[in-house]
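Please keep the sequence and the structure in view while reading.

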Amino acid sequence: SRARVGGGAPSMRSLDEPEGKKLDQPIDDPGPDDVDVSDDHDDGADDESDDDEDASAEDEDAEGSADDDSEETDDDDASASASESTLNLALAEDGRVACPLLPFLYLDGFNSVQKLLNVHLGHEGDDIRKDGDGKHEMVPSSKLHEKLLSDCARAFTARATSKKTGPYSSGRTYWLGATDTPKCGLEEIAKTVFELHTQRAVEAFAQAKLKTNDAARCCGASKKEENQSEELPFDPENSGAEWWTQVVNVEDEIGMHWDKDYALEDSDLNVHPQIATVTYLCSDGAPTLFVRKRTLLYHNESVSGTLDDFSESCAGNYSGNNRKLPQHMDCDTFLSYPQVGKHVSFDGSWLHGALPALAQPGGNEPSSNTSSPKVKSSTKKTKTKRVTFLVNVWLNHAPSTACRLPDSVASVLAPVGAFHGAFAKETTSNSSEKARDGTACGGKSDNSNSVNTSDAVATIDVAAIASTELTTAFKHADKKIVMTLDLPSRFYSEGHDTTAEGGSFALKGTGGVLREEKSVKKRKVAS
């Protein structure tokens, strides 16, 4: 289907997508300081201070709306024409942002790479080549790790301090377009992750196009038609990496949430990235819980019900084509424990969060010689932190709440090339060869020097073992959502070995359910 809505985001062209029914819907054009980004994107917190801020913001929006209404009475047509821009948002049949690359991406699944980044805290003997400004030197990986942690903390602080005012208040995440040149080491990592999860698909798309061109040439296709078929499988001007860092106390919770373009919630739309990723820079703190539960297209539609069943909700997308089925189709929940350098990817429309009830106090490294980093916070005390680097892959749509990393911040971070040597061997080289053998994303390879993306995930049938019910609540569409599901009881036991299969688990038989609870607003009683 194709949704065409008005709104304040750059226009885009749709590529190779069939015509479908159109949804004509007005959308408000948020200014850079008027975008209200849901708190659950950052930390899922639901505290009173956030509620007060939201209420204040709503009051301000109401006042602004009244002013706008009075101005529109002068000339409704002229005002509407001037204040409303157009967003051409093409949607695939499953509600994703449409893109010719979709059939070649690793969607509807979970993947784990145990060592994307080769950094180890405290191992002075592990030397890594550092490439920056054309210079080459050997740097202890512990020093490289410390610098990476420091930069993540700086980037996280920049987002936190720009939360309410200032030139960065349009969003809490950063954006690096597919055609942008990185300005610092963190942006280079974001670009590398984006290419890691798209390069294999681009190569597969090119091979499919080549076969199509050969067939078309046999049928007498014109040169113009052949040139059109050679276009990129996504719009590079409206595609890229949305990235941010999380530096939180190990006991902190990151509530369950969906990643999305939060500015479109006001227009009753749920628009998600195609792929979401987490790279862990610590080995302590809460594991990430991923749930096979997608939203519907409209933001205010109910999300209540059981977790998604792949055979019912997704299998139809794989019939009648050469699209490869994802692994663990019978699993509805995935759990990933933090380990330094570990990288996981998952469907960008899945529900996820980090719950400290499942954390292991002793850490998750196989040989517990390492511990989570201690990063200086804004207070005088130094606390153990859970540090992650997150990248969402967006194709044919740029989230309007993300902005480019400010030059003032990039200038004080490690330069481009500083962390290049930390990537596992061949991550950033021989991309076309990796794409062919499937090591770039989600595939398997016998090449021991390639990034190990084989199925490093242990499968557990929760219904067949002792289990404990997990209950957690979060906000969505101004409603309180309660999620319950069964998890292996041993995950709650101190000393449980979380290092098996790289600390990543695929769970089936969890009986997961989401239900809405009506929120009751307190009424002020006159004294």
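Strand E21 (residues 479-488) is largely enclosed by the rest of the structure, because 7 of its 10 residues are buried. Buried means under 20% relative accessible area, exposed over 50% and partly exposed in between, with a 1.4 Å probe and protein chains only. Helices (H or I, at least four residues) and strands (E, at least two) are DSSP runs numbered from the N terminus. The model is a predicted one, in which local features need pLDDT of at least 70 and side-chain atom pairs count only at pLDDT 80 or more, while totals for chains, interfaces and linings use all residues. Residues are numbered from 1 along each chain as its sequence is written, and side-chain values use heavy atoms, with hydrogens and water left out.

Strand E20 (residues 467-476) runs antiparallel to E21 and is joined to it by 10 bridges; two strands pair if DSSP finds at least two bridges between them. Serine 467 stands opposite proline 488 in E21. The two strands E20 and E21 form a hairpin with 2 residues between them, and alanine 477 in the turn has a positive phi of about 55°. E21 is also joined by 5 bridges to strand E23 (residues 513-517), again in antiparallel fashion. There, threonine 484 has valine 513 of E23 as its bridge partner.

## An open sheet of six strands

An open sheet with mixed pairing is formed by 6 strands in the order E9-E15-E11-E13-E22-E19. Its edge strands, E9 (254-257) and E19 (458-461), each pair on one side only. From one strand to the next the twist averages 15°, where axes are lines fitted to C-alpha atoms, for helices over the stretch in contact, and angles run from 0 to 180 degrees between N-to-C directions.

Strand E15 (residues 351-354) is antiparallel to strand E11 (residues 288-291), with 4 bridges between them. Threonine 288 lies opposite alanine 354, and valine 291 has leucine 351 as its bridge partner. E9 and E15 also pair in the antiparallel sense, over 2 bridges, and here histidine 257 is partnered by histidine 352. Which way do the residues of E15 point? Leu351 and Gly353 point one way, His352 and Ala354 the other, and all are buried.

## Aromatic pairs

The whole structure holds 12 aromatic pairs. Rings of Phe, Tyr and Trp (its six-membered ring) pair if their centres lie within 6.5 Å; planes under 30 degrees apart count as stacked, over 60 as edge-to-face and the rest as tilted. Phenylalanine 104 and phenylalanine 205 are edge-to-face, because their planes stand at 90°, with the ring centres 5.8 Å apart. This pair links distant parts of the chain, 101 residues apart: phenylalanine 104 lies in the loop between strand E3 (86-90) and strand E4 (110-113), and phenylalanine 205 in helix H5 (residues 199-218). Phenylalanine 104 is partly exposed, with a relative accessible area of 28%, whereas phenylalanine 205 is buried at 8%.

Tryptophan 243 and phenylalanine 389 form a stacked pair, 5.5 Å centre to centre with 20° between the planes. Tryptophan 243 belongs to strand E8 (residues 240-249) and phenylalanine 389 to strand E17 (residues 382-394), 146 residues apart. Both residues of this pair, tryptophan 243 and phenylalanine 389, are buried. One aromatic cluster consists of Phe110, Phe290, Phe334, Phe346 and Trp350.
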